[in-house]
Amino acid sequence: MSHAQNILRLRTAAPTVLAVKRSKLVRDNDGWETVSSVSNFANSHLDVVTEQVRTPSSPQPRTYTTVRRKAAVVIAPMTKDGKFLLIKEERIPIRAAIWSMPAGQIDGEAESDEKEIEAVALRELHEETGYDLAPGGEIIPLGYFFTSAGLTNEHCHFFLIRPVQKAPKHTREEGEAILECRAVATDELWRMIAENEIRDSNTLAIWARLAARGLISPPAR
């Protein structure tokens, strides 16, 4: 078999990967129009597409390469004594282990159902921290944000979950690289942010949302 035939055979035998769908928050309206869209690479987590798009300010289509990613949840878990849970996780793209709030992608069509999104948040809380929502506790939606609007359509739904308590049994997700989980007082978390110990965009964003909603206060100066 020739080299070219072998490559063709491997390509033909490769499993079909379902491309990640465009976010429900990204729509063609008010002068936005997708003229064409070509997938360059796709797996179960992302889809890299090159598109031609007309914008409200430009009738001539602009070519742009976008990374489509599944929506996700970001959780601020608060204990009974008002501390927040942080996890320290190895992140391969930056070759470092960093502190962050728990987070995780939403699989399937769950994003269309608010209760299903909340269920994902509770599952990620348990898997990444070993804590669950305490009896009589509450899960408070705090909206969403786009993680990197110049690169990807990924967006994350924010939740404040309080109070949380240690689960009787911790069922971890395979493949996670979480090294540590600890409860951090609000003043200490402010310090970690100010001194660049926390560099995770999800954590910085949910902390800003908590502050804007008056759910946390900056330390006294």
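Let's start with helix H3, residues 186-194, where the buried residues are Thr186, Leu189 and Met192. Looking down the axis of H3, those buried residues fall within an arc of 115°, so they line one face of the helix. The arc, by the way, is taken over the directions from the helix axis to the C-beta atoms. Buried here means under 20% relative accessible area, exposed means over 50%, and partly exposed is what lies in between, using a 1.4 Å probe and protein chains only. And what do the buried residues of H3 pack against? They pack against S5, S6, strand S10 (178-184) and H4. Just after H3, Asn196 takes a positive phi of about 70°.

A quick word on ground rules. This is a predicted model, so local features need pLDDT of at least 70 and side-chain atom pairs count only at pLDDT 80 or more, while totals for chains, interfaces and linings use all residues. Residues are numbered from 1 along each chain as its sequence is written, and side-chain values use heavy atoms, with hydrogens and water left out. Helices (H or I, at least four residues) and strands (E, at least two) are DSSP runs, numbered from the N terminus.

Stepping back to the whole chain, there are four helices and 10 strands. Reading from the N terminus, the order is α-β-β-β-β-β-β-β-α-β-β-β-α-α. Of the 221 residues, 37% are buried. If you take contacts (heavy atoms within 4.5 Å) with a separation of 6 or more, 62% of them are between residues 24 or more positions apart.

Now pockets. Points are joined across faces, edges and corners, and the volume is the space filled by probe spheres set on them.

The largest pocket holds about 1200 Å³ of space. It has 38 lining residues, and Arg69, Glu89, Arg91, Gln105 and Glu154 lie nearest its centre. Which elements each supply at least two residues of that lining? Strands S3 (58-69), S5 (84-91), S6 (96-100) and S7 (103-105) do, and so do helices H2 (114-129) and H4 (201-212). By class, the lining comes out as 13 nonpolar, 10 polar and 15 charged.

One residue I'd like you to click on is Glu124, in helix H2. Buried or exposed? Glu124 counts as buried, at 5% relative accessibility. Skipping neighbours within four places in sequence, Glu124 is in contact with Val73, Ile75, Ala103, Gly104, Gln105, Thr129 and Glu173.

The peptide bond from Arg162 to Pro163 is cis, with omega near -20°, and Pro163 is in strand S9, residues 155-166. Asp30 has a positive phi, near 50°, and is in the loop between helix H1 (3-13) and strand S1 (33-42). At 69% relative accessibility, Asp30 is exposed. Arg95, also not a glycine, has a positive phi of about 55°. Arg95 is in the loop between S5 and S6 and is exposed too, at 70%.

Gly108 is in the loop between S7 and H2, and is exposed at 66%. Gly108 and Lys21 are 87 residues apart in sequence, yet 9.8 Å apart C-alpha to C-alpha.

Last item, cysteines. With a disulfide taken as a pair of cysteine sulfur atoms within 2.5 Å, the count is zero. Cys156 is buried at 2%, whereas Cys181 is partly exposed at 28%.

Key. 1 Å grid on protein atoms, 1.4 Å probe; cavity = no way out; pocket = protein on both sides within 12 Å on 5 of 7 lines; lining within 4 Å. Nonpolar A, V, L, I, M, F, W, Y, C, P; charged D, E, K, R; others polar.
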